[in-house]
Amino acid sequence: MKIDIILAGVGGQGILTIAATIGTAALQNNLFLKQSEVHGMSQRGGDVQANLRISDKPIASDLIAKGKADVIIAVEPMESLRYLPFLSKDGWLVTNSTPFVNINNYPDKDKLIKKVKAVKNNIVIDADTMAKEIKAARSSNIVMLGAASSFLDLKYEDLEAAIRTIFERKGEKIVETNLKALKIGKEAAEKQI
Amino acid sequence: MQKILLLGAEAIAQGAIDGGMSGVYAYPGTPSTEITEYVQRDKLANELSIHSEWSSNEKTAMEAALGMSYAGKRAMVCMKHVGLNVAADAFVNSAITGVNGGLIVTVADDPSMHSSQNEQDSRFYGKFAMIPILEPSNQQEAYEMARKGFELSEKFKVPVLLRITTRLSHSRMGITRLDVIKQNENSLPGDPRQFVLLPSIARNRYKGLLNNQINFEIDSENSGFNNYTEGTNKKLGIIACGLALNYLNENYPNSDIPYPVLKIGQYPLPRKLVEKMFGECEEVLVLEEGAPVVEEMLKGYLQREKVKGRLDGTLPRDGELNPNLVASALGFEQDEAEKIPEIVSPRPPAMCVGCGHIDAYVALNEAVGTFGKGRVFADIGCYTLGALEPYNAINSCVDMGASITMAKGAADAGLIPAVAVIGDSTFTHSGMTGLLDAVAENSPITVLISDNFTTGMTGQQDSKALGKIEDICKGIGVAPDHIIVMNPTRKNHDDMVRVLKEEMAYKGVSVVIPRRQCVQTVKNKTLAAKLKELNLK
Ligand SMILES: Cc1ncc(C[n+]2csc(CCOP(=O)(O)OP(=O)(O)O)c2C)c(N)n1
């Protein structure tokens with residue numbers, strides 16, 4: 001088993017929580033893992049990504065080679081496209097449709113979504129609205145994780161267990177909210193596959 | 001033991017804790033910051049009372065670590081690559097004094113300049129100081145090198161440079177810990193003059209260092225961090241330094257590299273192993289992250305054709321390596337990668353919504369306008385982002401502290417008034433001495449110390465300047481009525497512009513302090529308590 005994931009977003013949008021959840025699930029299964037992150041300047045509202053690699057054999061490179069990513073999980077639509085050079089021919093692009101606009105020349109949203117939908121395997125969901133509907137606006141990242149969950153080669157229950165581990169400190173209510181966010185993301189994506 | 005998921009930086013911290021370290025000394029700097037932060041929050045480190053407070057700058061950190069080593073204990077000092085420029089005097093001389101307790105100098109380089117002004121390669125410094133260098137190929141090895149590095153340092157009685165790069169520092173992997181080594185007891189150096197670098201003593205010690213070079217080399221030849229893997233195809237031999245080894249392995253998923261491979265994790269280079277490779281291979285490809293340090297040594301001045309790497313275009317001369325670059329260096333065909341769609345715009349970092357630096361710049365731009373453009377010397381921190389649209393507020397950013405001194409030099413040249421913009425943490429890092437120069441000559445400069453109570457850019461670490469800036473400026477000799485604190489808000493805009501214009505018109509040193517808490521720190525309770533105690537807001 002080997003899976004290469006790129007997580008994409010804007011500094012502050014919580015992609016590292018997605019990474020930590022997947023990573024925890026992987027370690028609980030005794031898999032090898034490498035997770036390359038962006039720290040520093042770009043975290044101030046710049047574009048950020050994480051390369052997450054999981055395998056049942058030792059992993060060499062911290063970085064994923066071009067054309068080799070199995071999945072891109074993006075919490076922002078423009079950022080999903082930035083890493084297209086890394087997506088493999090049969091890879092999945094799973095993105096949130098809500099733009100995060102902090103630059104003047106942000107492209108037209110409809111054109112952007114059209115471009116995303118032109119990618120062979122894509123899933124586009126409005127994670128922000130869905131998260132708000134379950135009164136968990138801050139869990140839109142976990143909704144995205146749910147949407148991508150069937151492409152990760154990890155058992156859904158393992159992701160649930162990882163969510164419990166990660167959010168345990170914050171109390172049972174937060175755990176439950178995030179489990180719900182994970183579920184609605186998964187269900188929304190299943191409708192599109 | 002169960003594996004723990006750690007960043008490379010954190011693995012080094014854990015390795016040092018487990019290696020019997022008594023103190024870490026550092027000034028924040030990407031990508032090295034997380035080492036010290038890990039020690040600060042680690043339970044075991046706290047139980048063992050391992051020192052982990054931030055230092056004012058890299059030089060003070062280096063010297064304090066050397067002092068701890070003098071007293072017999074194991075110490076680590078951490079910094080980003082440009083920090084080693086600041087610490088260089090202490091660093092180079094520490095190779096001559098040598099150490100008592102083990103001393104590891106951990107320096108994190110930033111090839112491709114993700115968060116830096118340059119991509120200098122610290123291995124040059126290690127070579128310059130003539131000390132052993134360790135360079136891990138992955139996070140587990142980083143852990144082991146930090147743990148073992150103290151022993152190596154104590155064995156040869158010299159500091160050891162541990163060199164990492166961004167990618168290793170900021171990538172996580174499951175780490176297997178080894179047992180915890182006890183800290184050293186206090187002890188004085190055997191020779192009471194070891195650390196007294198008077199010329200007569202220094203000459204002797206320098207000879208000792210020179211004589212030791214051969215021992216460092218022999219140690220490298222026997223080091224577990226270096227190894228030679230035989231290969232059947234001798235057309236090529238590959239020298240892979242540190243992290244570059246992974247990009248090589250990535251291109252052979254079935255571990256079937258046909259060529260001999262020399263993995264380098266400890267310097268000086270293991271001469272015998274390098275000679276073996278040159279003896280048996282037609283060509284040698286050097287894979288190294290950063291500058292062509294090893295390649296240049298092997299190629300020499302005469303450009304020996306046989307050596308391939310960054311100098312002959314086999315690999316790019318600058319920037320970080322990756323699996324694709326290494327694949328082309330190995331001659332693998334690669335599919336044309338998809339391009340980033342044109343619709344994607346760049347998204348550079350920016351100052352946060354509600355940041356006080358913004359209001360200070362809006363006022364400064366208006367005030368400077370009356371004197372003419374091109375006179376604002378800035379410094380390093382979040383406020384450097386004032387160089388970008390829509391502010392275009394600054395004309396320089398060179399190295400920490402350079403704002404005040406460059407403004408002074410420009411004023412000396414007749415660019416009057418000249419303005420400096422510097423953050424609170426940068427001011428105490430290396431702005432104070434420059435301010436003293438300006439005061440000594442009553443230079444017509446206006447210094448904005450944009451105080452947000454924190455070391456913002458690197459992730460909101462404590463600022464040594466907290467609550468001290470006015471007193472420091474007074475102590476240095478700035479006239480008290482030209483030290484003016486302001487609250488940078490939109491409401492105060494007109495006031496700020498007026499004050500700035502007045503101070504810029506003044507023919508001497510003035511300090512204007514726009515002061516507002518960094519928005520990223522509003523939830524920091526420890527800081528809130530300190531601000532309350534100091535009556536700051
Ligand atoms: C010699 C050196 N050390 C460390 C750094 C890393 N660094 C860049 S900005 C910065 C923080 C500056 O803090 P401050 O001056 O208070 O400004 P702020 O970011 O809070 O606005 C640091 C530590 C560096 N660039 N150079």
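1. B:Asp109 is buried, at a relative accessible area of 1%; buried here means under 20% relative accessible area, exposed over 50%, and partly exposed in between (1.4 Å probe, protein chains only). The salt-bridge partner of B:Asp109 is B:Arg163, with 2.8 Å between the closest N and O atoms. The pair connects distant parts of the chain, 54 residues apart: B:Arg163 sits in strand β6 (residues 160–165) of chain B and B:Asp109 in strand β4 (residues 103–109) of chain B. B:Arg163 also counts as buried, at 1% relative accessibility.

2. On the basis of the note: this is a predicted model, in which local features need pLDDT of at least 70 and side-chain atom pairs count only at pLDDT 80 or more, while totals for chains, interfaces and linings use all residues. Residues are numbered from 1 along each chain as its sequence is written, chains are lettered from A and ligands numbered from 1 in the order in which they are written, and side-chain values use heavy atoms, with hydrogens and water left out.

3. A salt bridge is taken as a side-chain nitrogen of Lys or Arg within 4 Å of a carboxyl oxygen of Asp or Glu. Over all chains, 48 salt bridges are counted by this rule. Helices (H or I, at least four residues) and strands (E, at least two) are DSSP runs, numbered from the N terminus.

4. A second salt bridge in chain B joins B:Glu154 and B:Arg74, at 2.8 Å from N to O. Here too distant parts of the chain are linked, 80 residues apart, with B:Glu154 in helix α7 (residues 139–156) of chain B and B:Arg74 in strand β3 (residues 74–80) of chain B. B:Arg74 is buried, with 7% relative accessibility.

5. B:Glu502 and B:Arg498 form a salt bridge of 3.3 Å, N to O. Both residues belong to helix α18 (residues 493–505) of chain B and are four residues apart, about one turn of the helix. B:Glu502 is partly exposed at 43% relative accessibility, and B:Arg498 is partly exposed at 44%. Elsewhere, salt bridges with shared partners join B:Asp109, B:Asp121, B:Arg123, B:Glu135, B:Arg163 and B:Glu288 into one network.

6. Zero disulfides are found over all chains, a disulfide being a pair of cysteine sulfur atoms within 2.5 Å. For B:Cys355, the closest cysteine sulfur is that of B:Cys352, at 6.2 Å, which is too far for a bond. B:Cys355 is buried, at a relative accessible area of 12%. B:Cys473 is buried as well, at 0% relative accessibility.

7. Where the chains meet, 42 residues of chain A and 46 residues of chain B are in contact, contact meaning heavy atoms within 4.5 Å. The two chains bury about 3700 Å² between them, 56% of it on carbon and sulfur atoms; buried area is the accessible area (1.4 Å probe) that two parts lose on being put together, summed over both. On the chain A side, A:His39, A:Met41 and A:Arg44 lose the most area to chain B, together 21% of what that side buries.

8. Five salt bridges are counted between chain A and chain B. One pair across the two chains is B:Arg347 with A:Glu76, at 3.1 Å from N to O. In the side of chain A that touches chain B, β2 (32–36), β3 (47–55), α2 (77–82) and α3 (109–117) of chain A each supply at least two residues. The largest share of that side, five residues, comes from β2(A).
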